[in-house]
Amino acid sequence: MAKRQDPLDGPAGSPGSAVVVIPTYNERDNLGPIVDRLLTALPQVHVLVVDDGSPDGTGEVADRIAADDERVHVMHRTQKAGLGAAYVAGFEWALQRDYEAVIEMDADGSHSPEELPRLFAALATGADVVIGSRYVPGGRVVNWPWHREALSRGANLYSKLALGLSINDITAGYRVYRREVLEKLDLRGVESAGYCFQVDLTWRAVKAGCTVVEAPITFIEREVGESKMSGSVVREALLRVTEWGVRRRGGQALDLLRRTLR
């Protein structure tokens, strides 16, 4: 892949033309430390906190951080509408401005800000989307219960086979998108609410002809707060991936039939 412009090489005052979107719900104790680490690791980026009406006061914490640092912005949403909806709102906010790259990052510390330069380095090689991957050489998971890792690996393998993709960590939530990718995708048409959102966006990007690469990261289980994973989130992902896989197979069968009848 040919080397492309790195968004972090943007002109002074533009904060590298990159914004990190951090969705939050009840992350009061985690938000400050993760933003501090992020802006220490990459002082040139901007941060957008998308808070879904957290009852624990996360939104107020975000406002205080933003009041002290012009690189930090806050979007307040009135209800918890799911991870996918929060990211779509953040992406649309970013596209209305001059950012050249949009980053997804969790607020709970599982994604190390210090590893973000590695993702940008992969972006500069010519990628359109870079996924911070736990399941490529060099990637790993720390302090995760065995059943959570088994669920994650199983979900990724199922998605990979169902959709015919070569991506090992399609469910990962630490990633970088070039703005051109998000402009191509029908963000308003994304209905996935939970972690299936990551599969949905990856699948859409691949179908749009975008180059998706994986860069190794170390995923660290949160130390503060509760995981947002639930049975309903798992069921949504299973049903949607199965539906997309069936459509894919049906399209392949139809193409084969058409070629046979010619």
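**Entry 1**

I looked up Phe 219 and found it buried, at 10% relative accessibility; I take buried as under 20% relative accessible area, exposed as over 50% and partly exposed as in between, with a 1.4 Å probe and protein chains only. The model is predicted, so local features need pLDDT of at least 70 and side-chain atom pairs count only at pLDDT 80 or more, while totals for chains, interfaces and linings use all residues. Residues are numbered from 1 along each chain as its sequence is written, and side-chain values use heavy atoms, with hydrogens and water left out.

I then checked Arg 134, which lies over the face of Phe 219 at 5.2 Å from the ring centre. The criterion is NZ of Lys or CZ of Arg within 6 Å of the ring centre and within 35 degrees of the ring normal.

**Entry 2. Aromatic pairs**

I counted six aromatic pairs, taking rings of Phe, Tyr and Trp (its six-membered ring) as paired if their centres lie within 6.5 Å, with planes under 30 degrees apart as stacked, over 60 as edge-to-face and the rest as tilted. Trp 144 and Phe 219 have ring centres 4.9 Å apart and planes at 55 degrees, so I recorded the pair as tilted. Trp 144 lies in the loop between strand E6 (140-142) and H5, and Phe 219 in strand E9 (residues 218-220), so the pair ties together parts that are 75 residues apart in sequence. Helices (H or I, at least four residues) and strands (E, at least two) are DSSP runs, numbered from the N terminus. Trp 144 also counts as buried, at 12% relative accessibility.

**Entry 3. Nonpolar cores**

I examined the largest nonpolar core, which has 37 residues; such a core is a set of buried Ala, Val, Leu, Ile, Met, Phe, Trp, Tyr and Cys residues joined through side-chain atoms within 4.5 Å. Phe 91 and Leu 201 touch the most other members. Elements giving two or more residues to this core include helix H3 (83-95) and helix H7 (196-207), and H3 supplies the largest share, eight residues. Apart from this core lies another, of 32 residues, among them Leu 39 and Ile 103.

**Entry 4. Strand E4**

From strand E4 (residues 101-104), Ala 101 and Ile 103 point one way and Val 102 and Glu 104 the other, and all are buried. I found E1 and E4 parallel, joined by four bridges; strands pair if DSSP finds at least two bridges between them. Glu 104 is the bridge partner of Val 21. E4 and strand E7 (residues 175-178) run antiparallel, also with four bridges, and Val 102 has Tyr 177 as its partner in E7.
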